[in-house]
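Here are my notes on this model, point by point. Please keep the sequence and the structure open while reading.

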Amino acid sequence: MASEAGWVTERLQVGGTVVHCRRSTHGSGVPLVHIHGFAISGSYLMPTARALVGHRINVVPDLPGYGRSERRDRVLDIPELAGALLGILDVLGIDRAVLVGNSMGCPIGLEVAHEAPERVDGLVLVSPAGGRHNQPLPRALLQLATDVARESPRMVPVALPDYLGFGPLNGLRLFRDLTHFPSLDRLLHATVPTLAVIGGRDPLMPSPSRVREVGRGAADHVTIALIEQAAHAVNFSHPEQLAGLVEAWLEGRIAAGARLPDGVHLVDPFGGAP
């Protein structure tokens with residue numbers, strides 16, 4: 001089914017469920033697969049996917065139960081969503097991919113890397129949600145409300161229909177599960193190259209000292225970067241900066257000391273505040 005220029009939209013049969021998927025038609029190398037957050041579709045990830053489209057194939061699915069994909073009789077948990085993502089890769093014939101997650105998409109990517117590391121060429125974790133900083137649930141809900149006020153107003157018509165379609169009770173249940181998922185353990189034991197990206201205005205992220213602490217515990221193949229003016233939905237609000245950072249990381253230019261996009265810098269786990 002035709003979509004915007006350079007993209008196709010497809011209806012995939014994945015484990016008996018119809019999954020809506022956007023895929024760019026040009027590029028080479030290992031594909032980039034973008035993973036959306038909770039209660040929302042992949043639509044808000046498209047600005048960054050479009051910015052990356054000149055280099056590799058980009059795939060932006062709506063996971064089962066989200067967006068324009070088929071509804072399920074219950075909300076899938078993170079391991080089940082990771083299994084569904086592997087099913088999408090299988091249907092598309094993708095043996096290995098770079099997984100680019102935002103929010104809940106980060107633990108899904110980490111779970112895929114944990115269960116099937118041979119399928120993951122690299123992880124990009126943008127605003128990785130979950131963990132003790134988002135506990136208990138009332139604290140996480142306050143953080144989420146604070147973030148809504150910090151996001152671009154352009155996000156409202158993109159996100160609101162998805163949230164309403166997913167349903168508030170389903171959203172609360174999944175967000176509670178997200179805050180208890182062992183994302184940190186998955187990150188510390190990941191065996192694939194990983195780029196973690198945080199927003200300087202994201203209330204769902206831990207303090208700078210905690211970020212550095214996690215960085216010190218992570219393996220050498222984990223790189224942490226900060227986009228100063230971004231809140232949580234970095235993929236929507238700052239696509240050019242994020243895409244430039246991802247490209248530099250994929251091409252090994254970060255390690256070579258290349259200049260990063262304006263407003264973006266690396267976090268030194270052993271240095272001062274980000």
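1. E3 and E4 run parallel, joined by two bridges. Within this pairing, Leu-32 sits opposite Asn-58 in E4. Bear in mind throughout that this is a predicted model.

2. Which way do the E3 side chains point? Leu-32 and His-34 go one way, and Val-33 and Ile-35 go the other way. All four named residues are buried.

3. E4 has another pairing, with E2. Here the strands run antiparallel, and three bridges join them. Cys-21 stands opposite Pro-61 in E4.

4. Now the whole sheet. It is open and has nine strands, in the order E1-E2-E4-E3-E5-E6-E7-E8-E9. The pairing is mixed. E1 and E9 (264–266) stand at the edges with a single partner strand each, so one side of each has no neighbour in the sheet. From one strand to the next, the twist averages 25°.

5. H2 lies across E1, E2, E3 (32–35), E4 and E5 (97–102). Its direction is at about 115° to E1. H3 lies across E3, E5 and E6 (120–126). The angle between H3 and E6 is about 160°.

6. What does Leu-92 contact, leaving aside its neighbours within four places in sequence? The partners are Glu-10, Leu-12, Cys-21, Arg-23 and Val-59. Val-59 is 33 residues from Leu-92 in sequence, and their C-alpha atoms are 9.5 Å apart. Leu-92 has 22% relative accessibility, so it counts as partly exposed, the cut-off for buried being under 20%.

7. H3 is mostly covered. Nine of its eleven residues are buried. These are Gly-105, Cys-106, Pro-107, Ile-108, Gly-109, Leu-110, Glu-111, Val-112 and Ala-113. What do the buried residues of H3 pack against? The list is E3, H2, E5, E6, H6 and H7.

8. Glu-111 forms a salt bridge with Arg-186, with the closest N and O atoms 2.8 Å apart. This pair links distant parts of the chain: Glu-111 is in H3 (residues 105–115), Arg-186 is in H7 (residues 183–188), and 75 residues separate them. Arg-186 counts as buried too, at 17% relative accessibility. Asp-185 joins Glu-111 and Arg-186 in a network of salt bridges.

9. How many salt bridges does the structure hold? There are twelve. Another of them pairs the side chains of Arg-22 and Asp-62, at 3.1 Å from N to O. Arg-22 lies in E2 (residues 17–24), and Asp-62 in the loop between E4 (58–61) and H2 (78–92). The two are 40 residues apart, and the pair links distant parts of the chain. Arg-22 is buried, with a relative accessible area of 6%. Asp-62 is buried as well, at 1% relative accessibility.

10. Arg-50 lies in H1 (residues 46–51) and Glu-4 in the segment before E1 (7–14), so the pair ties together parts that are 46 residues apart in sequence.

11. Last, the surface. Leu-141, Leu-169 and Leu-172 form a nonpolar patch there. Together they have about 270 Å² of accessible area. Leu-172 is placed in H6 (residues 168–179). Its relative accessible area is 36%, so Leu-172 is partly exposed.

How values were computed: Residues numbered from 1 in each chain as written. Predicted model: local features only at pLDDT ≥ 70, side-chain atom pairs only at ≥ 80, totals over all residues. Heavy atoms only, no water. Salt bridge = Lys/Arg side-chain N within 4 Å of Asp/Glu carboxyl O. Buried < 20%, exposed > 50% of the residue type's maximum accessible area, 1.4 Å probe, protein only. Patch = residues over 30% accessible without salt bridge, like charges linked within 9 Å, V, L, I, M, F, W, Y side chains within 5 Å. Areas by Shrake-Rupley, 256 points an atom, 1.4 Å probe, with all protein chains shown as cover. Pairing = 2+ DSSP bridges. Axes fitted to C-alpha atoms, helices over the stretch in contact; angles between N-to-C directions. Contact = heavy atoms within 4.5 Å.
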